[in-house]
Amino acid sequence: MWPFSLSMLGLKKNSDFVAVYHSGKSYANRYLIMYAMKNGMDSVRIGISVSKKVGNSVVRHRVKRLIRESCRLHDARFKQGYDLVIIARRAAAGRSYDEIESAVLHLMSLHHIRLPHEGAETKVPD
């Protein structure tokens, strides 16, 4: 089963990642770095990168799952038409879902991709 809804697809090719790195704008917080670039499509495409510096394969996979789940649960609140690359920092290892979710939403807000939602404030990690 595909982990994203139909409006949210994954970046797969290295060339797609490189294009976002070179042409996109980046913001970062304590746990994540996010590059964003308009793609001219009716969907959000997300690529997640977790290097070996973050930890062993179990730790890396857990961080990747937490990021993917944060994006999946909030995909209805994201503007369409963007390619995103999310890179996990070493500090992301061992963090709870709430901390990773907060970091993802914070970066989405900085990129102006997140649509406003009444009554919800994002905790800002440093």
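His112 is placed in the segment after helix 3, which covers residues 97-110. In this predicted model, the phi of His112 is positive, near 60°, although the residue is not a glycine. Most residues other than glycine have a negative phi. His112 counts as exposed, because its relative accessibility is 57% and the exposed class begins over 50%.

**Confidence of the model**

The protein has a mean pLDDT of 85, and 86% of its residues reach 70 or more. Confidence is highest in helix 2, residues 57-73, with a mean of 94. It is lowest in strand 1, residues 8-10, where the mean is 74.

The N-terminal end of helix 2 is capped by Asn56, which has a side-chain oxygen 3.2 Å from the backbone nitrogen of Val58. Within helix 2, the buried residues are Val63, Leu66, Ile67, Ser70 and Cys71. These residues lie on the same side of helix 2, because they cover an arc of only 130° around the axis.

**The aromatic cluster**

Two aromatic pairs are found in a search of the whole structure. A pair of aromatic rings is described by the distance of the centres and the angle of the planes. The table gives these values for each pair.

| Pair | Distance of centres | Angle of planes | Class |
|---|---|---|---|
| Phe17 and Tyr21 | 6.5 Å | 55° | tilted |
| Tyr21 and Tyr35 | 5.1 Å | 80° | edge-to-face |

Phe17 and Tyr21 both belong to helix 1, residues 14-23, and are four residues apart, about one turn of the helix. Phe17 is buried, with a relative accessible area of 13%, whereas Tyr21 is partly exposed at 31% relative accessibility. Tyr21 lies in helix 1 and Tyr35 in strand 3, residues 32-38, so their pair ties together parts that are 14 residues apart in sequence. Through these ring pairs, Phe17, Tyr21 and Tyr35 are linked into a cluster.

Leu11 is found in the loop between strand 1 and helix 1. The residue is buried, because its relative accessible area is 6% and the buried class lies under 20%. Leaving aside residues up to four places away in sequence, Leu11 touches Asp16, Phe17, Val20, Arg45, Ile46, Gly47, Asp83, Leu84 and Val85. Among these partners is Phe17, a member of the aromatic cluster. The C-alpha atoms of Leu11 and Val44 are separated by 9.5 Å, while the two residues are 33 residues apart along the chain.

Definitions and conventions
Residues are numbered from 1 along each chain as its sequence is written. Side-chain values use heavy atoms; hydrogens and water are left out. pLDDT is the predictor's confidence in each residue, from 0 to 100. Helices (H or I, at least four residues) and strands (E, at least two) are DSSP runs, numbered from the N terminus. Buried means under 20% relative accessible area, exposed over 50%, partly exposed in between (1.4 Å probe, protein chains only). Rings of Phe, Tyr and Trp (its six-membered ring) pair if their centres lie within 6.5 Å; planes under 30 degrees apart count as stacked, over 60 as edge-to-face and the rest as tilted. The arc is that of the directions from the helix axis to the C-beta atoms. A polar contact is a pair of N or O atoms within 3.5 Å; within protein, one must be able to donate a hydrogen and the other to accept it, and residues adjacent in sequence count only if both atoms are side-chain atoms. Contact means heavy atoms within 4.5 Å.
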